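Welcome, and please take a moment with the sequence and the model before reading on.

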Amino acid sequence: MALAFDDYGRPFIILREQEQKSRLKGLDAQKSNIAAGKAIARILRTSLGPKGMDKIMQSPDGDITITNDGATILQLMDVDNQIAKLMVELSQSQDYEIGDGTTGVVVMAGALLEQAEKLLERGIHPVRVAEGYEMASKVAVEHLEHISHKFTFGANNIEPLVQTCMTTLSSKIVNRCKRSLAEFAVKAVLAVADLERKDVNLDLIKIEGKVGGKLEDTELIYGIIVDKDMSHPQMPKQIQDAHIAILTCPFEPPKPKTKHKVDIDTVEKFQTLRLQEQKYFDDMVQKCKDVGATLVICQWGFDDEANHLLMNRNLPAVRWVGGVELELIAIATGGRIVPRFQELTTEKLGKAGLVREKSFGTTKDRMLYIEQCANSRAVTIFIRGGNKMMIEETKRSIHDALCVARNLIRNNSIVYGGGSAEISCSVAVEAAADKYPGVEQYAIRAFADALDAVPMALAENSGLQPIETLTAVKSQQIKENNPCCGIDCNDVGTNDMREQNVFETLIGKQQQLLLATQVVKMILKIDDVISPSEY
């Protein structure tokens with residue numbers, strides 16, 4: 001690292017401990033950054049599309065995750081390189097905003113970096129490359145708008161939504177049940193959606209899983225499932241027309257907040273204290289009965305004496321229910337969460353048509369179903385599967401499908417999948433390149449070549465000849481002027497994605513292009529990497 005000298009020739013230090021830092025400058029820095037970005041994209045490339053492979057990730061404490069969701073893979077990879085971390089954040093921002101397309105966005109960014117490397121080797125300045133990419137991404141985003149289709153859907157016509165959710169599920173491990181899972185996802189989103197405001201609150205959809213059974217046993221419940229059972233084994237297992245008291249106060253006598261000590265020196269005093277406690281419990285149970293509650297759901301536990309009293313007074317109860325679940329139960333049943341016993345009134349009770357306890361298999365595992373609620377704006381998707389990893393992956397897949405349905409409610413424009421949108425954009429960007437004078441023209445052409453990486457990866461993962469397949473589809477698109485021709489990954493026999501019903505959301509595709517371009521632009525503009533060297 002170069003030293004700086006003052007007027008008298010004495011060296012002085014600019015960077016503290018500079019001999020312990022490593023530094024990469026100029027083209028070397030850019031090439032090293034591009035190599036890191038390409039390495040991450042290469043990992044995810046094989047996971048793209050309906051025939052994409054899964055990855056198995058093992059955490060430091062031995063937990064295993066099997067997935068082909070781009071954001072999850074990168075999150076669990078524990079990446080150390082600074083540029084690789086940017087790629088991880090890229091897939092996460094796509095996941096937060098759109099929920100789907102996390103693998104595609106990283107593959108796209110990797111392809112852009114690869115093309116940029118060739119341009120840099122030819123001596124083109126990185127800022128000019130970045131500007132050319134920016135122009136090309138504008139052309140591509142406008143072209144996507146141009147080739148998109150709007151479709152109408154309603155509460156009675158959910159088929160278009162289901163077809164789009166099936167496209168996102170077809171690349172997952174659950175694709176054999178994609179029809180039923182897509183229907184569950186769409187029905188759940190429509191149950192909680194505010195169609196006038198075009199808004200969906202996904203927090204109202206609870207995804208619960210239980211090992212056992214098979215994937216086909218997955219069900220949608222218009223209500224809430226709680227992984228708890230009745231506090232006493234002899235309490236009724238089914239309650240019709242339940243009036244539910246939702247409590248966050250403990251079911252026990254209050255304890256003074258200050259430090260205290262009670263001296264009991266005679267048996268009579270002990271008896272009095274015990275009777276007082278019993279009376280307190282009695283009053284509590286009676287208070288619940290008086291307001292008309294037929295079921296008590298409590299955030300805290302209660303001791304055996306309270307449990308016994310509740311049992312005797314024929315008041316079923318559930319204890320240790322989490323705060324998030326309590327909120328969902330309150331939303332679903334139209335009840336209010338009561339923080340103090342004194343505030344319990346009839347108006348604050350939630351109402352449910354049926355509360356039942358259901359046991360599974362031979363494990364004596366029981367869950368509580370709260371159904372036929374007054375306000376069915378909170379729903380649960382209950383997943384069954386052969387093992388824990390299958391259930392976790394199904395949860396991630398359903399989350400993607402829910403996000404796709406939500407995006408379609410916000411903006412009902414779609415483009416066709418199977419790489420058709422990318423091929424069409426590639427043709428449009430290539431045609432637009434000639435209109436731009438200057439060096440940016442090369443970068444715009446490189447952007448068009450990078451767009452071909454997605455259909456190429458789809459063809460490769462499907463076991464087709466990538467270059468032959470891509471050129472055949474591209475020439476067919478131009479010949480027929482049909483932007484719906486894509487890669488026939490499932491070997492159906494037609495390249496027309498309209499006939500195959502392969503749809504993707506327009507905002508998801510646009511976001512992919514914009515995010516990938518932004519990150520690549522950022523990486524290209526870095527020309528100096530100063531990092532503490534390894535000891």
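A242 stands opposite A352 in β16. This is a predicted model, in which local features need pLDDT of at least 70 and side-chain atom pairs count only at pLDDT 80 or more, while totals for chains, interfaces and linings use all residues. Residues are numbered from 1 along each chain as its sequence is written, and side-chain values use heavy atoms, with hydrogens and water left out.

- Helices (H or I, at least four residues) and strands (E, at least two) are DSSP runs, numbered from the N terminus, and two strands pair if DSSP finds at least two bridges between them.
- Strand β12 (residues 238-247) pairs with strand β16 (residues 350-360) in the antiparallel sense, over six bridges.
- Another facing pair of these two strands is H243 and K351, the latter in β16.
- β12 also runs parallel to strand β13 (residues 295-298), and four bridges join them; here A245 stands opposite V296.
- With β15, β12 pairs in the parallel sense over two bridges, and L247 has V338 as its bridge partner there.

- β16 and strand β17 (residues 365-373) run antiparallel, joined by eight bridges.
- E357 has L368 of β17 standing opposite.
- Four residues lie between the strands of this hairpin, and G361 takes a positive phi near 55 degrees in it.

**A three-stranded sheet**

- Three strands, in the order β6-β19-β20, form an open sheet with antiparallel pairing.
- Each of β6 (149-150) and β20 (503-505) has a single partner strand and stands at an edge, so one side of each is left without a neighbour in the sheet.
- Two bridges join β6 to the antiparallel strand β19 (residues 413-416), and K150 stands opposite S413 in β19.

**Two buried residues**

- For this group, buried means under 20% relative accessible area, exposed over 50%, and partly exposed in between (1.4 Å probe, protein chains only); contact means heavy atoms within 4.5 Å.
- N33 sits in helix α1 (residues 26-45) and is buried, with a relative accessible area of 4%.
- Leaving aside residues up to four places away in sequence, N33 touches I83, I523, I526 and V529.
- G335 belongs to the loop between α10 (323-333) and β15 (337-338), and G335 is buried too, with a relative accessible area of 12%.
- The C-alpha atoms of G335 and A245 are separated by 7.7 Å, although the two residues are 90 residues apart along the chain.
- With residues up to four places away in sequence not counted, G335 touches A330, K348, L349 and G350.

**The chain as a whole**

- In secondary structure, the chain comes to 17 helices and 21 strands.
- Its radius of gyration is 30 Å, well over the 24 Å that the globule rule gives for 535 residues, so the chain is more spread out than a compact globule.
- That radius is taken over C-alpha atoms, and the globule rule is 2.2 Å times the number of residues to the power 0.38.
- The C-alpha trace spans about 95 × 75 × 40 Å along its principal axes.
- Of the 535 residues, 50% count as buried.
- Among contacts in the chain with a separation of 6 or more, 73% are between residues 24 or more positions apart.
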